[in-house]
Amino acid sequence: MNKNFILHSNFLPAGDQPQAIKNILTSIKNNNKFQTLMGVTGSGKTFTMANIITELNRPTLVIAHNKTLAAQLYSEFKNFFPENAVHYFVSYYDYYQPEAYIPQSDTYIEKDASINSRIESLRLAATKALIERRDVLIVASVSCIYGLGIKDNYENAIIKFKIGDKIDLYEFLKNLTLNFYERNDYSPEPGKFRVHGDTVEIFPAYDNESCIQIIFFDDEIESINIINPITFKIIERVKEASIFPAKHYITQDDAIKKARPLILEELEQTEKNFIAQNKLIEAQRIKTRTLYDLEMLNEAGYCSGIENYSVWLDGREHGEPPGTLIDFFPDDFLMFVDESHITLPQIRGMFNGDRARKISLVENGFRLPSCLDNRPLEWQEFENKINQVIFVSATPGDFELNQGNITEQIIRPTGIPDPEVKIYPAKNQIDDLIFRLREISNNNERALILTLTKKSSEDLAEYLRELKFKVKYIHSELNTFERAELIRDLRSGKINILVGINLLREGMDLPEVTLVAILDADREGYLRSYRSLIQIIGRAARNLKSRVILYADNLTGSISQTVNETERRRNLQIEFNLKNNIIPKSINKKIINLLPPELERAFNKNKNSDGKKSKHENINLSISQLEQAMWEAVEKLDFERAAFLRDKINEINQSNIKTK
């Protein structure tokens, strides 16, 4: 399908947007690989991106550094391109404990994960769209650089059929099961199929809103219908259809047979190496584990940790990059890296973190060396897969700045200048802050408060709550759904004050905020660097009443640079307003769900009819917080703590089962 992108908007490009769009399009048409949009917060960078996509009409990948920002971008692009295929691709794990071994305490930790089926469905829908059409825009987190499977294997597994085809019903059902569909005649849901006589009803894993009904007459397809999966009424009669696999990782029919001798050869060599080093336990361990996995592969076609043998099953060479989402895009695709100063360092760090964990498994006989080929992309591999990319940030990193082709987008269409920045002593910062927050509450305005640690954010929020402020805290131990709900509550006025650390910086669109207060602003470091301070100040650039207060006893280099740059941008906007007779006005933006509707339904499924959370949801929330803490420990490679938290979660789950 070669449909063009059609942009829906009540506005035309304004401020610096027309010049930014023109400059970037010129750079791209001159075949430059890298270009950077250095746009201030509130200048409409997403709208600029949408205009560039419309003009170029290429399949587009937008990468964000976390699920929440990706969800916000997804919602915005869905509104801009309702007629086109806009999809959401993030990690499908609600929590994930990778396999690990800690030599110091001789602790082995099994892989443990909880997959969110709704997110998995969205991922499958994204790759399906890329195969079928060109007007596709995928908003993804950095999970897009992780191994997904070989694209050709996935495409070859697609089951295509049309009316009149001669197909043996038994063979057809067998092919469905090989594509990871399960038969269930009683509980229809995505990824299942059911059979009634000569009628087969398939519920695609990538589509919650339709079902494919196939009616056979002997060994011939007599009719194909798209039906409603709830009412089972016919939506459309079609002449042909396709069923895409229910999983991304597909192996060729004879892959296991071909891989077996290669795995055995590697096992033999690995075992010899351990024996030569007098590591007899490790030698026995790797032999036992690998032979068990091979037996499972032979009997069931699957084993726990099958991805660790992917280099053999895929037919790849050692060191060859794994298949990723990026491989599903055509060669001329366009890439945007949003908040690039954060996203690019994340991409750079993924490979080394993954490798450090797996080397410990290899050295201690838990995995064959080939498991190292099941990995995310290295930085150089990622860079080689880029066709043309636009880095988007208010504070581009050194890598982006060194590539040249930088376009500034300083002027906001709303005419709102950067807020004034005031510096007050940190000595009595809490007393001064409370005085200002009372004014915020009395005027029903909103405030963001930035602290340095999670503990201090929780303590400050609790203290302000005791003083009758409507306040909550936000940090990384809250899951994606909880963070999205907090941001919506702040915008709607359920709360007036949100306390946090650095999660409030990038990409959060909060036009109601009139005060940003940064505690301990003179503590030089990552959280109080120039780029961090600029990003924080950006939260106050959507409302005319906004102001920023830095509580500091010393004027650091980062503070000086931040104040100077903010003043430069402020003066440019004021000059533009005077020259063009623009009267600044605050942004008035509709409050929308931050997450895709599918995920909102998943989050709200445990609520009672009156909207209150059920008794069981409170239990699940505490488990969820433990899972988030476990995930954070995994990211820090603190696997002992992660294992402890995993055991705690299991204890609570067992306790809940016993009380039912």
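In this predicted model, the axes of helix 16 (residues 530-538) and helix 17 (residues 557-579) come within 9 Å and cross at roughly 45°. That angle makes helix 16 oblique to helix 17. The protein chain has 20 helices and 25 strands. Of its 660 residues, 54% are buried. Take contacts between residues at least 6 apart in sequence: 75% of them join residues at least 24 apart.

**Helix 16 and helix 17**

- The crossing of these two helices, helix 16 and helix 17, is right-handed.
- Helix 16 brings Tyr530, Leu533, Ile534 and Ile537 to the contact.
- Helix 17 answers with Ser558, Ile559, Gln561, Thr562, Glu565, Thr566 and Arg569.
- By type, the residues of this contact between helix 16 and helix 17 are five nonpolar, four polar and two charged.

**Helix 7 and helix 8**

- Helix 7 (residues 255-276) packs with helix 8 (residues 280-300) at an angle of about 170°.
- The axes of helix 7 and helix 8 are 9 Å apart.
- An angle over 145° counts as roughly antiparallel, so helix 7 and helix 8 are roughly antiparallel to each other.
- From helix 7, the contact takes in Ile256, Arg260, Ile263, Leu264, Leu267, Thr270, Glu271, Phe274 and Ile275.
- From helix 8, the residues include Leu280, Ala283, Ile286, Leu291, Leu294 and Leu297.
- The contact of helix 7 with helix 8 divides into twelve nonpolar, three polar and four charged residues.
- Asn278 sits in the loop between helix 7 and helix 8.

- Which residues of helix 6 (residues 169-178) are buried? They are Leu169, Phe172, Leu173 and Leu176.
- The face turned away from the buried side of helix 6 carries exposed Tyr170 and Leu178.
- What do the buried residues of helix 6 pack against? Their partners are strand 9 (159-162), strand 11 (192-196), strand 12 (199-203), strand 13 (211-217) and strand 16 (240-243).

**Two serines in loops**

- Ser546 lies in the loop between helix 16 and strand 25 (547-551).
- Is Ser546 buried or exposed? Its relative accessibility is 9%, so Ser546 counts as buried.
- Ser546 and Thr514 are 32 residues apart along the chain, yet their C-alpha atoms are separated by 3.9 Å.
- Beyond its neighbours within four places in sequence, Ser546 is in contact with Pro419, Val513, Thr514 and Ala540.
- Ser141 is in the loop between strand 8 (136-140) and helix 5 (151-156).
- Ser141 has a relative accessible area of 6%, so Ser141 is buried.
- Setting aside neighbours within four places in sequence, Ser141 is in contact with Ile63, Ala64, Phe89, Val90 and Ser91.

- Most residues other than glycine have a negative phi.
- Asn278 is not a glycine, but its phi is positive, at about 60°.
- Asn278 is exposed, with a relative accessible area of 59%.
- Asn444 also is a residue other than glycine with a positive phi, near 55°.
- Where is Asn444 placed? Asn444 is in the loop between helix 13 (429-442) and strand 21 (446-450).
- At 46% relative accessibility, Asn444 counts as partly exposed.

Key. Residues are numbered from 1 along each chain as its sequence is written. This is a predicted model: local features need pLDDT of at least 70, side-chain atom pairs count only at pLDDT 80 or more; totals for chains, interfaces and linings use all residues. Side-chain values use heavy atoms; hydrogens and water are left out. Axes are lines fitted to C-alpha atoms, for helices over the stretch in contact, and angles run from 0 to 180 degrees between N-to-C directions. Helices (H or I, at least four residues) and strands (E, at least two) are DSSP runs, numbered from the N terminus. Angles under 35 degrees count as roughly parallel, over 145 as roughly antiparallel, 65 to 115 as roughly perpendicular and the rest as oblique. A crossing is left-handed if the near helix is turned anticlockwise from the far one by less than a right angle, and right-handed if clockwise. Contact means heavy atoms within 4.5 Å. Ala, Val, Leu, Ile, Met, Phe, Trp, Tyr, Cys and Pro count as nonpolar, Asp, Glu, Lys and Arg as charged, and the others, Gly among them, as polar. Buried means under 20% relative accessible area, exposed over 50%, partly exposed in between (1.4 Å probe, protein chains only).
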